[in-house]
Amino acid sequence: MNARRPRRIAFLLAQLGADASAAFEEALAPLGITASEAGLLRMVGRNPGISQKAVSEQLGVGPSRVVAVLDRLERAGHVERRRSATDRRSHEVHLTPDGQRLLAELRPIAEAHEAAFTKGLNEDDLERLAASLAAIAASRGISSEIHRDTRGRG
């Protein structure tokens, strides 16, 4: 009988995810923002005028959680909410000039974080890893562009 040792892929992915998250939070600390705030800035930067409701739906979190993050970003002067011209019940989110500057500062931090996290892998390794992770994410209905709240998954 060939007893195969479990690969523990899901466990390793969870461990690596926690490690990557903690390191990214640490890298963002000098900017005074969290990873959640950075993700929301990125989303608004890519989708100027996105509604709070659309942000909530895309992130897979309740509206109250999105509002709390937006409140912090707005108090810091990074985003502004404007009433929608087409739906007075809706608010659109826009980056302020300070938010645009901060978003530009995020890119090199994110790139350095990824480089540090994947140190030791050559380009072929990185391509294979990216393809494998994309396939796993797709099979789980997870976007590679949006950090979704996955706590409710079964």
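Ser90 touches Ser51, Arg82, Arg83 and Ser84, leaving aside its neighbours within four places in sequence, where contact means heavy atoms within 4.5 Å. Ser90 sits in the loop between β2 (79-83) and β3, strands here being DSSP runs of E of at least two residues and helices runs of H or I of at least four, numbered from the N terminus. At a relative accessible area of 18%, Ser90 counts as buried (buried is under 20% relative accessible area, exposed over 50% and partly exposed in between, with a 1.4 Å probe and protein chains only). All this comes from a predicted model, in which local features need pLDDT of at least 70 and side-chain atom pairs count only at pLDDT 80 or more, while totals for chains, interfaces and linings use all residues. Residues are numbered from 1 along each chain as its sequence is written, and side-chain values use heavy atoms, with hydrogens and water left out.

As for the sheet, it is open and has three strands in the order β1-β3-β2, with antiparallel pairing (two strands pair if DSSP finds at least two bridges between them). β1 (50-51) and β2 are the edge strands, each pairing on one side only. Five bridges join β2 and β3, and Val79 has Leu95 of β3 as its bridge partner. Helix α4 packs on the sheet, where it touches β2 and β3, and its direction makes about 115 degrees with that of β2; axes are lines fitted to C-alpha atoms, for helices over the stretch in contact, and angles run from 0 to 180 degrees between N-to-C directions.

Then there is the largest nonpolar core, with 22 residues, in which Leu40 and Leu41 have the most contacts. Such a core is a set of buried Ala, Val, Leu, Ile, Met, Phe, Trp, Tyr and Cys residues joined through side-chain atoms within 4.5 Å. Two or more residues each come from α1 (9-28), α2 (35-46), α3, α4 (63-75), β3 (91-95) and α5 (97-117), and α2 gives the largest share, five residues. Beyond its neighbours within four places in sequence, Leu41 is in contact with Ile33, Leu73, His78, Val79, Leu95, Leu102, Leu103 and Leu106.

Helices α1 and α5 pack at about 140 degrees, their axes 10 Å apart. On the α1 side the contact involves Leu16, Asp19, Ala20, Ala23, Phe24, Ala27 and Leu28, and on the α5 side Leu106, Ile109, Ala110, His113 and Phe117.

Finally, Leu59 belongs to helix α3 (residues 52-59) and is buried, at a relative accessible area of 14%.
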